[in-house]
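This briefing is for a reader new to the structure.

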Amino acid sequence: MSIEGREGGGKDFSEGSSSAQPVGSTPSRYESQKRRDWNTFCQYLKNQRPSVPLSNCSCNHVLEFLRYLDQFGKTKVHHHGCMFYGHPEPPAPCTCPLRQAWGSLDALIGRLRAAYEENGGSPETNPFASGAIRVYLRDVRECQAKARGIPYKKNKKKKPVQNNETEESSSMTMLHFAP
């Protein structure tokens, strides 16, 4: 069954979602952004020559959309040959392009992934959940981190570094307050 043109079966933004707002209330910032993003993506598909029906949308269309959005980006990404490549705070301007920041793209994909399913799309066929999209986002993250000279490291839950002096004084303090 197609995502478009479902009668009564699929959810529409006006009907709400799992985070539905009561009738007459203002949608959350997230819901409003998700709706705008979804409308923008659907318009992008309609503007393709030939037009791409949503039911035929694939991860390749999503990747093309993400590349298209780069022209509206505000994040300077230095080329490998740029003299400022790898410098977190370059001292002068350069001609390297502006791109969409990785974090913005990651959030966008999350919203579009949710919107696809809220509009009747199946999780199994969700083009925004494709492995190719995850690989693209990972590559963008790594490229942008290297271009700024700040290698991306995933935050892992670390055991706190313990200073013996602090540890001893805090444990002694705790002994004084113990019942």
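Helices (H or I, at least four residues) and strands (E, at least two) are DSSP runs, numbered from the N terminus. The expected span of a helix is 1.5 Å times one less than its number of residues. This is a predicted model, in which local features need pLDDT of at least 70 and side-chain atom pairs count only at pLDDT 80 or more, while totals for chains, interfaces and linings use all residues. Residues are numbered from 1 along each chain as its sequence is written, and side-chain values use heavy atoms, with hydrogens and water left out.

**Whole chain**

- The protein chain has five helices and two strands, in the sequence order α-α-β-β-α-α-α.
- Of the 179 residues in the protein chain, 31% are buried (buried means under 20% relative accessible area, exposed over 50%, partly exposed in between, with a 1.4 Å probe and protein chains only).
- Among contacts (heavy atoms within 4.5 Å) with a separation of 6 or more, 62% join residues 24 or more positions apart.

- Pro50 sits in the loop between helix 1 and helix 2, and the peptide bond from Arg49 to Pro50 is cis, with omega near -5°.
- In helix 2, the buried residues are His61, Val62, Leu63, Phe65, Leu66 and Leu69.
- Helix 1, helix 3 and helix 4 are among the elements that cover these buried residues of helix 2.

**Helix 3**

- The 17 residues of helix 3 reach 24 Å from first C-alpha to last, close to the 24 Å expected at 1.5 Å a residue.
- Its buried residues are Leu105, Leu108, Ile109, Arg111, Leu112, Ala115, Tyr116 and Glu118, and they pack against helix 1 (29-47), helix 2 and helix 4.
- Leu105, in helix 3, has a relative accessible area of 1% and is therefore buried.
- Leaving aside residues up to four places away in sequence, Leu105 touches Leu66, Gln100, Tyr136, Leu137 and Val140.
- Just after helix 3, Gly120 has a positive phi of about 100°.

**Helix 4**

- The 18 residues of helix 4 should span 26 Å at 1.5 Å a residue, and its end C-alpha atoms are 26 Å apart, which agrees.
- Buried residues in helix 4 are Ile133, Tyr136, Leu137, Val140, Arg141, Gln144, Ala145 and Ala147.
- They lie on the same side of helix 4, because they cover an arc of only 165° around the axis (the arc is that of the directions from the helix axis to the C-beta atoms).
- The exposed residues Arg134 and Lys146 are on the face turned away from the buried side of helix 4.
- The cover over the buried residues of helix 4 includes helix 2 (59-69), strand 2 (98-99) and helix 3 (102-118).

**The second largest pocket**

- A pocket is found on a 1 Å grid over the protein atoms alone, as an open set of points where a 1.4 Å probe fits, with protein on both sides within 12 Å along at least five of seven lines; lining residues have an atom within 4 Å of a point.
- The second largest pocket holds about 230 Å³ of space (grid points are joined across faces, edges and corners, and a volume is the space filled by probe spheres set on the points).
- Helix 4 (residues 131-148) gives the most to the lining of this pocket, with five residues.
- Residues lining the second largest pocket include Asp70, Arg99, Leu105, Tyr136 and Val140.
- Leu105 and Asp70 are 35 residues apart in sequence and 9.6 Å apart in space, C-alpha to C-alpha.
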